[in-house]
Amino acid sequence: MVLSDHTIKEEIAQGRIIIDPLDTDCIQPASVDVHLDKKILVFRTGRQPFYVDVKQKLDDLTEMVEIPDGSPFFLNPGEFVLGSTVESLTIPDDLVARLEGKSSLGRIGLLIHSTAGYVDPGWSGHLTLELSNVAKLPVTLYYGMRIGQISFLRLTSPVDRPYGCEGLGSRYKGQTEPTPSRYYRDFQEKREQKP
């Protein structure tokens, strides 16, 4: 069941959903708008080797840039970058959240996630956005612009192991800025588990 604006406000008042900072004008009929933070993780194209090896740590694949106040960051056609929400989000163990784009931005070709629109019960931190431009013209991004919306769904019961519990392999809890992929840890953990 998707939570209505009335229920979202109740959950926030009870401290079960935490959105910080929260502008109450951003509470929509069944979601809450979120905003784009300053830091953008861009992919270096001149690195060697010229491919992404999912088994390797990818820290040298990206570099952090900041969107200057009042000035745009240009996202070129076909370009993919990682951004982050201004808001930090904490959700309880009996809710999940869905991150979705704003339809007005989708109509100009801006997508805010490829696959990472699902937020697990127990999540706490800023959300990393997977920003891509599928249009044929550059799209401008500004610090603080409404970039997406979060909706909340109630589970049939609280989960046994919320995000971040020991043994789950949760990799992004508590993140405060765009965070590159940590998929390589799957391979490290398999090597460490071998007798």
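## Exercises on a predicted single-chain model

The chain carries 22 positive and 27 negative side chains, and the centres of the two sets are 6 Å apart; Lys and Arg count as positive, Asp and Glu as negative, with His and the chain ends not counted, and each charge is placed at NZ of Lys, CZ of Arg, CG of Asp or CD of Glu. The model is predicted: local features need pLDDT of at least 70, side-chain atom pairs count only at pLDDT 80 or more, and totals for chains, interfaces and linings use all residues. Residues are numbered from 1 along each chain as its sequence is written, and side-chain values use heavy atoms, leaving out hydrogens and water.

**Exercise 1.** Determine whether T62 is buried or exposed, and list its contacts.

*Solution.* Step 1: T62 is placed in strand β4, residues 62–66 (strands are DSSP runs of E, at least two residues, numbered from the N terminus). Step 2: T62 counts as buried because its relative accessibility is 8% (buried means under 20% relative accessible area, with a 1.4 Å probe and protein chains only). Step 3: leaving out residues up to four places away in sequence, T62 touches L41, V42, F43, R44 and P180 (contact means heavy atoms within 4.5 Å).

**Exercise 2.** Describe the place of L131 in the largest nonpolar core.

*Solution.* Step 1: this core has 33 residues, and L131 is one of those that touch the most other members (a nonpolar core joins buried Ala, Val, Leu, Ile, Met, Phe, Trp, Tyr and Cys residues through side-chain atoms within 4.5 Å). Step 2: elements giving two or more residues to the core include β6 (80–90) and β10 (124–133). Step 3: beyond its neighbours within four places in sequence, L131 contacts, among others, L36, L141 and I147.

Definitions and conventions:
Buried < 20%, exposed > 50% of the residue type's maximum accessible area, 1.4 Å probe, protein only. Helix = DSSP H or I, 4+ residues; strand = E, 2+ residues; numbered from the N terminus.
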